[in-house]
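Keep the sequence and the 3D view side by side as you read.

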Amino acid sequence: MTKGKRKRTLLMALLALLLSFILSVPAQTTSAQTGPFVSEIIVRTGANFKNHNDVVSFVSNAAKNNISVINLSVKQDEDEEVPSGYAFYKSKIAPVASGYSNFDAVKDVIAEAHKKNIQVRAWIPQFHDRAAFDKNSEWQMRALVDGKVKPFTGSNGTEYFVNPLHPGVQAYERSIIKEVAENYEVDGIVLDWLRFDDYNMDMGDYTRTQYKNQYGYDPITINFASDNAKREEWNDWRTTKLGEYVRDVKSDLDGITPGLFFGAYILPPEFVEVGQDAAKFMPYMDFVSPMAYFDDWEFPQSWVYDSEGILSQTRQKIGNAEIIAALDTDWSDAQYKNVQQGIRSNFPDISNLAFFIYGKWTNTDMKNINKRANW
């Protein structure tokens, strides 16, 4: 064998080895482009898990229907049969919901789900929290209504909000997040209610003092009823402060489990009055999950995926960070086909869809998600 032939033979061998390596590496495409969507479900613990048997049955159905992620509420989000802020695990910080002192639903769901290779993220609502509202009256969200400052209890007077800017509130909510991350093998953290409810809050003494010290005027003097420079200045300040809160939570999590998948459920970005700007959550979060409930907001289906809709608005806010679209479960098959095909066409990078049910999940609900995953 001549030297020249040996070089050519060696080169051919190296090329063959390189080709073999390239063929062994999976193509870098998302499942939304080439196969079924990855299905996630958003689960309210109080409505679904009363005991171990509930957990076993639920997780078994989830596995049979190719559910990949359970986003599990570790404390209550709304105010009905269980007050918001009450925990479904053995918390040493938040009050434990009735029926869960001897049944740690979070521990049980994680254990059963992991047996089936299903991830569990801790869904942790933040500033809609009756437990915190009752714990300290200075923490209560206050709104300016008809010229008077009063505790804000929602549009129907039976919801309980706390001030996202108060250091005591922030310390309390962060302590719960840390408690969950330190004691449970969660696969991620997703925050919720990371917002105000309108422009006219918070009007508590602490917030007003902080704002006046920075801008030289009391926010109570702002005309919240119409667009103006002072209202924009106020909203920018609020959204910046919430971004700083997210930064601090991320720092906490990095000190516990570096790299833990971290994100939030968000309202449509066009709802600027709630003081939630997803752009200011980045680069501290890995993903956001915009609530694309078009019928709740009285938008057409196309609003989910068109150039003016919620996914487009979100992409403009967060750049290349991951979007996990949150959808309802009560639409018609035709509506799902339209929405999901619109997402495939216009947002091929979106691979995961998260589905929310307000109450109890059934096997039929999960079967329907599995049936539609290829649409």
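**Two pairs of packed helices**

Helices α8 and α9 cross in a right-handed sense. This is seen in a predicted model. Two packed helices are described by the angle between their axes and the distance between the axes.

Find helix α8 at residues 205-215 and helix α9 at residues 229-254. Their axes lie 12 Å apart. The packing angle is about 115°. Angles of 65 to 115 degrees count as roughly perpendicular, so α8 and α9 are roughly perpendicular to each other.

Which residues make the contact? From α8 come Thr 207, Gln 210, Tyr 211, Gln 214 and Tyr 215. From α9 come Lys 230, Glu 233, Trp 234 and Trp 237. Sorted by class, the contact of α8 with α9 has 4 nonpolar, 3 polar and 2 charged residues.

Now turn to the other pair. Helix α4 covers residues 52-64, and helix α12 covers residues 363-372. They pack at an angle of about 20°, and their axes are 9 Å apart. Angles under 35 degrees count as roughly parallel, so α4 is roughly parallel to α12. The crossing of α4 past α12 is right-handed.

Pick out the residues on each side of this contact. Helix α4 gives Phe 58, Asn 61, Ala 62 and Lys 64. Helix α12 gives Asn 363, Met 366 and Asn 370. By class, the contact of α4 with α12 holds 3 nonpolar, 3 polar and 1 charged residues.

Notes
Residues are numbered from 1 along each chain as its sequence is written. This is a predicted model: local features need pLDDT of at least 70, side-chain atom pairs count only at pLDDT 80 or more; totals for chains, interfaces and linings use all residues. Side-chain values use heavy atoms; hydrogens and water are left out. Axes are lines fitted to C-alpha atoms, for helices over the stretch in contact, and angles run from 0 to 180 degrees between N-to-C directions. Helices (H or I, at least four residues) and strands (E, at least two) are DSSP runs, numbered from the N terminus. Angles under 35 degrees count as roughly parallel, over 145 as roughly antiparallel, 65 to 115 as roughly perpendicular and the rest as oblique. A crossing is left-handed if the near helix is turned anticlockwise from the far one by less than a right angle, and right-handed if clockwise. Contact means heavy atoms within 4.5 Å. Ala, Val, Leu, Ile, Met, Phe, Trp, Tyr, Cys and Pro count as nonpolar, Asp, Glu, Lys and Arg as charged, and the others, Gly among them, as polar.
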